[in-house]
Structure formats: structure tokens, C-alpha cells
Amino acid sequence: YARFLKTVLNMTDLFLNFAKLFRGCPEYPHRLYIRHSKVCKNNIIMDSNDIIIDSFPGKGDEKRFGLIGDPIKGSLSPLLFNAGYDGRYAYDLIEGPDFETSYQKFIDGYEGINVTAPFKEQAFRKADVRDATCEKTGAANLLVKKDGGITAYNTDYTGIQMSLLKAAENDRQVWRTALIVGCGGAGKAAAVAVGDLRLKTV
């Protein structure tokens, strides 16, 4: 139980750290900047990809971000986003049962959106470009407008691996079996993430 609790706390800490990583890149202070880490099979973080989401003129920028899903009224995403950006950019909850309607709102008025249940698999299929984790999981939880079209990312995969490795202090033998509850987009990401760490899944 103690180790499970530690994992939950580490996951919360990880989400807050992800929010901080959305701050401006030092080389480009008016750009949104995400560091997307890769974890190799022997549990060592090897490298990272930097996701640059266009340039911004500074405070007062009208570009918007948000979350699509249903239901999402109780989501902590706005809190995490505002913590990451110090309230600098608008972040909206785009709630509704129809993916196409929510996606069109993104196209019409948002620079990037987070995606939660039940739309992660649809978001994956809708994207023009997908990163490696999306291709492995068949799901996306982040869509960003870029020059090559709508680009999809899956940070669930990375977050799950980093949380487990941090809780286990990089000792892969601590975790031998993983119980995955659910089979949606997040469940698929979890299955692939723990599988790549060579854990058995239930």
C-alpha cells in the first residue's frame, strides 16, 4: 500500500512538472515549450524531443488552449495549465459528447488542445502527423497546430513510465505485474508503457 501511495503522489508531482515544462523556452522566451522524454528499455532516459508550438508576442496574446472530452467539469487541467503558464494564456474546457463538434471548436479557435476520455483514439485518427508514442499506442492526448498539419502526441505513455521508474527508484525488479483498469486510450497507453518496461499485465 505504501509503495502504491508513493506512486500516486509521484504521478501528481509528475503532472505538475509537466505543467512547468510548458513554460517559455529560454532561447525563445515567447514560445510555448514542451520537453517530451524518451525512456529506453533498460529504464534510462536517453534523450528528449522538444515540441515548439509557434511564437507568441507576450502578455495579452489572444491564442487559446483547452481540453476536450466528456465529462470534464471536474478536470484539474485548467489548474495545471495556469500553474505552468502563470495564468498567461487562456485555457477552456470544451465539453460535449460529440468528438467532431469539439474538434471543430479546436480548429476554429485554439492553438492546441489536451484530449481526454472518450476522445483519445479519435484524436489519434484525426491527426495529420503522429509522434512515435502515438503510433505505438493508437491514442493521442495532445493535438497541436503546426506547419505540417495537426500533430498528435501521447504524454500518457511517458508519464506512466516516468512515474513508475521514479517510485521504484529505477529498479525495474520492484514492479513485476501491472493491473490495467480500462481499455480506452489511456488504458492502451498504460499497456504499451508497462509492456516496454517488460512488466506482465493483467
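Tutor: Leu179 is found in the loop between strand S10 (177-178) and helix H7 (185-196); helices (DSSP H or I, at least four residues) and strands (DSSP E, at least two) are numbered from the N terminus. The model is predicted, local features need pLDDT of at least 70, side-chain atom pairs count only at pLDDT 80 or more, and totals for chains, interfaces and linings use all residues. Residues are numbered from 1 along each chain as its sequence is written, and side-chain values use heavy atoms, with hydrogens and water left out.

With a relative accessible area of 65%, Leu179 is exposed; the classes are buried under 20%, exposed over 50% and partly exposed in between (1.4 Å probe, protein chains only). Together with Val181 and Val202, Leu179 makes a nonpolar surface patch of about 370 Å². Such a patch is made of residues with over 30% relative accessible area and no salt bridge, nonpolar side chains (Val, Leu, Ile, Met, Phe, Trp, Tyr) being joined within 5 Å and like charges within 9 Å. Areas follow the Shrake-Rupley method with a 1.4 Å probe, and for residues only the protein chains shown count as cover. The accessible surface of the protein chain comes to about 10,900 Å², of which carbon and sulfur atoms hold 55%.

The interior comes next. Of the 202 residues in the protein chain, 43% are buried.

Setting aside neighbours within four places in sequence, Val115 is in contact (heavy atoms within 4.5 Å) with Leu67, Ile68, Lys120, Ala123, Ala140, Asn141, Leu142 and Leu143. Strand S4 (residues 64-69) has five of its six residues buried. S4 pairs with strand S5 (residues 90-95) in the parallel sense over six bridges, pairing requiring that DSSP find at least two bridges. In this arrangement Gly69 stands opposite Glu95 in S5.

The whole structure holds six salt bridges, each a side-chain nitrogen of Lys or Arg within 4 Å of a carboxyl oxygen of Asp or Glu. One of them joins Lys126 to Glu100 (3.0 Å, N to O). Lys126 lies in helix H4 and Glu100 in helix H3, so this pair ties together parts that are 26 residues apart in sequence. Lys126 is partly exposed at 31% relative accessibility, as is Glu100 at 43%.

Another salt bridge joins Lys136 to Asp196 (2.4 Å, N to O). This pair links distant parts of the chain, with Lys136 in helix H5 (residues 132-137) and Asp196 in helix H7, 60 residues apart. Lys136 counts as partly exposed at 45% relative accessibility, and Asp196 does so at 23%.

For the chain overall, the secondary structure comes to seven helices and eleven strands. Among its contacts between residues at least 6 apart in sequence, 55% join residues at least 24 apart.
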